[in-house]
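Visitor: Could you take me through one part of this structure, the sheet, and what surrounds it?

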Amino acid sequence: MRMEEKKKLIIQDGGQESEEWIQKHFMKQGEQTEIITETGKIQNCIGCFGCWVMTPGRCVLRDDYNRMGEKLGHADELIIISECIYGTYSPFVRNILDRCLPYIHPYFTKREKEIHHKARYQNRLKVSVYFYGECTPEEKETAVKTVRANVLNFNGILYHISFSESRDTILCAGEGMQ
Amino acid sequence: MKITMINGSPKAKNSASESLLSILKGYCNLAAPDLVLNKMVIEEENMAEIWKSDALVIAFPLYIDSVPSHLLRCLIQIEEYARLHGQERTSEETIKVYVVINNGFFQGKQNMPAIEVMQHWTKRCGFEFGQAVGVGGGGMINFIKNVPDGHGPKKNLTLALREMAGNILQKKSGETKVFELNYPAWAYKWQAEYGWRMAARKNGLKSKDLNKRA
């Protein structure tokens, strides 16, 4: 019996010039990987909830990033590479995450005694976040809280968070928090 | 004292942030229109208004546990401006920042990571943090506009916003307040889910279409 190919989604803010480096360090043989990169115009989520009540599961905005819901829904692993700004992600990565709203369902459910949105898909994403850039210890703490909240909302499994001073040293940042 | 109320919701109108600022403006006796930041870039004249302010009151909805991305871009733009122009203001003239966040879940505490982001941003700009209010049940805020202050579901909200208004007027700092509307969680859940079914039907969909996977 043939094993099904693992699907990995990488969201990164380094532009197209970073893709080669990402392919070298984050892609493995036998995995199907897609990199989400800032290639052109991206619109911000306008809070219309069209992705829930007009075209459920798909964003109604017309640009290259309106299928994030299904991309996450069909992935096994999510890797985020982002500058850490004020204890959250860079604007591009935040923008992409905002556009991931169709991944979740409008109905509510309880997780860890809090109300969250129900999962639309059955997958449980294994999530790794590689932050880089100069940030204070307090900003790092906030970034960890943000990632934990995202993983809980996406019904995922937190696998890795690390911080490094620059993009070039991401892989030297050790194993981080696993 | 110049107080600038900033609506950071990407929605053009009828946002919960607009309603929350409207309540605060009533308590502060302010009539000036909100400065709306619903684009990715702040126009020059709006930046000048922000820079002339003694206090900024920034309201926004929680998006995927954080600050909406368009507003994050605006915050970075303000920080860059503050770095260039910081020497124009003395430390006594520092801008005081107040934050009002609403989320569509039920618990107010889910706003905490975004509140902390705003505190870190304030520090990086060289501003001073005044107070944060984080409320849950954002989907209900527009529906309780006409409920008298301090009553029913508005009880906690009225207390928190009245206290914040007092602090804004005196340029004082206050403790972070995260709380729920005074409403049962089960009823909020039921009403929200009924609302999604009705909205889907208006768009010619069936209730079960809400479960679609693209």
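Guide: Here is a walk from the whole chain to the sheet.

This is a predicted model, in which local features need pLDDT of at least 70, side-chain atom pairs count only at pLDDT 80 or more, and totals for chains, interfaces and linings use all residues. Residues are numbered from 1 along each chain as its sequence is written, while chains are lettered from A and ligands numbered from 1 in the order in which they are written.

Chain A has five helices and seven strands; these are DSSP runs numbered from the N terminus, with helices being H or I of at least four residues and strands E of at least two. Along the sequence, their pattern is β-α-β-α-α-β-α-β-β-β-α-β.

Now to the sheet itself. Five strands of chain A make an open sheet with parallel pairing, in the order β2-β1-β3-β6-β7; two strands pair if DSSP finds at least two bridges between them. At the edges are β2 (31-36) and β7 (157-164) of chain A, each pairing on one side only. From one strand to the next, the twist averages 15°. Angles run from 0 to 180 degrees between N-to-C directions, and axes are lines fitted to C-alpha atoms, for helices over the stretch in contact.

Look next at β7(A): seven bridges join this strand in the parallel sense to β6 (residues 126-132) of chain A. Tyr132(A) has Ser164(A) in β7(A) as its bridge partner.

Helix α1 (residues 19-26) of chain A packs on the sheet and touches β1 (6-12), β2 and β3 (77-83) of chain A, where contact means C-beta atoms, placed from the backbone, within 7 Å. The direction of α1(A) makes about 140° with that of β1(A).

Notes
Two residues are in contact if their C-beta atoms, placed from the backbone, lie within 7 Å.
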